Amino acid sequence: MSVSNLSSRWGQTPWTIDFTPAVHAIPEKTDFAVIGGGFTGLAAAAWLRLLAPEKSVAVFEAARIGAGASGRTGGIALAETAAGDLPSLGDVLAGFEKILHKLDVDCDLSLPGAWEIGRTGGLQQSPIDWTDSGALRVAREVPGGTLDPGQLVSGLARAAETRGAKIFENVPVGQIRWGAGPRIELGGSGVNPRVIAAEKILLATNALSLGLSGLGEGAHPRLTLATLTVPLTEQELQSAGLSARKPFYTADLPYLWGRVRRDNSIVWGAGLVSAPDEKNVAEADISSAQAAQMFASLEKRVRGLHPALRSLTFTHRWGGPILFRDDWQPVFDFHPECKNAIVLGAYAGHGVALSSYLAAWAVEVLLGRRGLPTWGKLAGQGRAVV
Ligand SMILES: Cc1cc2nc3c(=O)[nH]c(=O)nc-3n(C[C@H](O)[C@H](O)[C@H](O)COP(=O)(O)OP(=O)(O)OC[C@H]3O[C@@H](n4cnc5c(N)ncnc54)[C@H](O)[C@@H]3O)c2cc1C
């Protein structure tokens with residue numbers, strides 16, 4: 001199964017991506033090539049043109065923008081990384097807000113805080129008091145909030161294009177011929193030229209195309225599942241402890257996360273599906289027996305959490321690719337073959353705010369204005385050779 005026709009296998013999200021990039025002829029060369037049109041790639045393209053408007057920027061997306069995790073995400077904006085705070089990371093949420101502001105992106109971002117919930121050590125006055133393998137209560141409040149994923153994908157793509165980046169949809173990158181001047185081999189029907197020269201490259205393909213990004217070792221792609229309920233009444237939200245509209249996720253297992261949307265419907269998520277070929281999550285399918293059983297179990301769990309949720313019906317089921325690394329750190333490193341190429345991604349369930357934030361940092365590295373972090377190294381690789 002190729003990367004370019006994944007949408008049909010991963011279900012429909014409740015939001016839409018309303019931006020369609022303009023159609024351009026593919027150039028024979030570009031100063032910067034960005035591979036992958038999710039939050040990371042689109043934010044990087046926009047930021048590149050903001051900082052270096054004289055440089056040409058081309059984004060190659062195998063399917064449609066947002067076809068990977070970004071258009072299918074839960075939409076909970078969190079601070080730090082899945083591995084916690086890391087040296088020189090800085091304030092992710094403040095930096096994310098600043099980037100959105102500079103790029104004029106409106107994605108309905110609201111940062112009232114988020115709840116870590118768990119089966120032990122809850123707050124004395126926990127707003128949430130649910131039943132799910134024990135009593136599930138708020139353990140602590142952390143910085144965070146919510147946004148509309150469709151609006152964020154659209155807004156970043158619009159920001160990139162408005163500033164002069166060219167976005168090519170349905171143009172998968174097959175491979176890269178490394179050397180002092182890398183050559184990118186393009187796939188897709190009717191694509192011409194099929195090879196383009198790029199001075200610098202950002203690989204932002206996340207859980208897909210692991211061979212291309214050099215991300216195979218110590219990295220585990222999965223399809224993670226999400227589902228949406230019909231809107232609740234204010235009274236139902238209040239009884240279930242959700243009227244503060246703070247997103248929540250469990251700090252212990254079994255895992256569960258969710259957030260209330262503007263219309264009072266609730267997105268819930270849990271469950272990881274493996275592909276038959278463990279490293280190729282493009283082959284995972286939400287209509288598989290394994291996924292169907294996980295959706296049924298998730299929806300039964302949600303109905304059992306609290307009497308106010310008992311009769312909820314569900315309107316959407318979807319999945320999206322997620323990449324976990326053994327040390328839980330994102331990858332932020334030169335490609336093993338070339339120090340003019342950076343690999344960025346693998347944020348696990350922490351990429352909504354972090355992706356744009358680190359994309360801006362990666363752009364500064366590509367422009368020679370900043371160094372790489374001390375963390376985020378590709379596993380099992382020597383240093384870049386070219
Ligand atoms: C269901 C779900 C819920 C989540 N919930 C949250 C949450 O609530 N909070 C949070 O912080 N994080 C969450 N995450 C994680 C977060 O969504 C991701 O970390 C983030 O979207 C990653 O963005 P990205 O641009 O790096 O990758 P992606 O959005 O996956 O983009 C990669 C892109 O590369 C393209 N591509 C792949 N191969 C090629 C190729 N060969 N050539 C060209 N293009 C290619 C793909 O089509 C894709 O569009 C969730 C993820 C999922 C799946």
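## Threonine 13 and its surroundings

The side chain of threonine 13 comes to 3.1 Å from the backbone oxygen of tryptophan 15, in what is a predicted model. Threonine 13 belongs to the loop that runs between α1 (7–10) and β1 (29–35). With a relative accessible area of 15%, threonine 13 falls under the 20% limit and therefore counts as buried. Leaving aside residues up to four places away in sequence, threonine 13 touches Gly71, Arg72, His316 and Trp318.

## The ligand and its shell

The ligand is surrounded by 37 residues, of which the closest are Thr40, Glu61, Ser70, Ile76 and Ser209. By residue type, the shell around the ligand divides into 18 nonpolar, 17 polar and 2 charged residues.

For phenylalanine 39, a polar backbone atom is 3.1 Å from an oxygen atom of the ligand; for glycine 351, the corresponding distance to a ligand oxygen is 3.0 Å, and for valine 352 it is 2.9 Å. Of the 1000 Å² of accessible area that the ligand has on its own, the protein covers 98%. Two or more residues of the shell around the ligand come from each of the elements α2 (39–51), β16 (314–325) and α8.

## Strand β4 between two partners

Strand β4, which spans residues 114–118, is mostly covered, with 5 of its 5 residues buried. In a regular strand the side chains alternate between the two faces of the sheet.

Strand β4 pairs with β6 (residues 135–142) in the antiparallel sense over 5 bridges, and with β13 (residues 248–250) in the parallel sense over 3 bridges. Glutamate 116 can be followed into both partners: its bridge partner in β6 is arginine 140, while in β13 glutamate 116 stands opposite tyrosine 249.

## Backbone features in the loops

Most residues other than glycine have a negative phi, and most peptide bonds are trans. Against that background, the bond that joins leucine 253 and proline 254 is a cis peptide bond, with omega at about 0°. Proline 254 is placed in the loop between β13 and β14 (257–260).

Asparagine 206 has a positive phi, near 55°, although the residue is not glycine; asparagine 206 sits in the loop between β11 (195–203) and α5 (210–213). Alanine 348 likewise has a positive phi near 55°, and its place is in the loop between β18 (338–345) and α8 (351–366). Alanine 348 has a relative accessibility of 13%, which means that alanine 348 counts as buried.

## Serine 154 in helix α4

Serine 154 is part of helix α4, which covers residues 149–162. Serine 154 has a relative accessibility of 2% and so counts as buried. When residues up to four places away in sequence are not counted, serine 154 touches Ile17, Asp18 and Phe19.

Notes. Residues numbered from 1 in each chain as written. Predicted model: local features only at pLDDT ≥ 70, side-chain atom pairs only at ≥ 80, totals over all residues. Heavy atoms only, no water. Helix = DSSP H or I, 4+ residues; strand = E, 2+ residues; numbered from the N terminus. Buried < 20%, exposed > 50% of the residue type's maximum accessible area, 1.4 Å probe, protein only. Contact = heavy atoms within 4.5 Å. Pairing = 2+ DSSP bridges. Near = heavy atom within 4 Å. Polar contact = N/O pair within 3.5 Å; in protein donor to acceptor, adjacent residues only side chain to side chain. Areas by Shrake-Rupley, 256 points an atom, 1.4 Å probe, with all protein chains shown as cover. Nonpolar A, V, L, I, M, F, W, Y, C, P; charged D, E, K, R; others polar.
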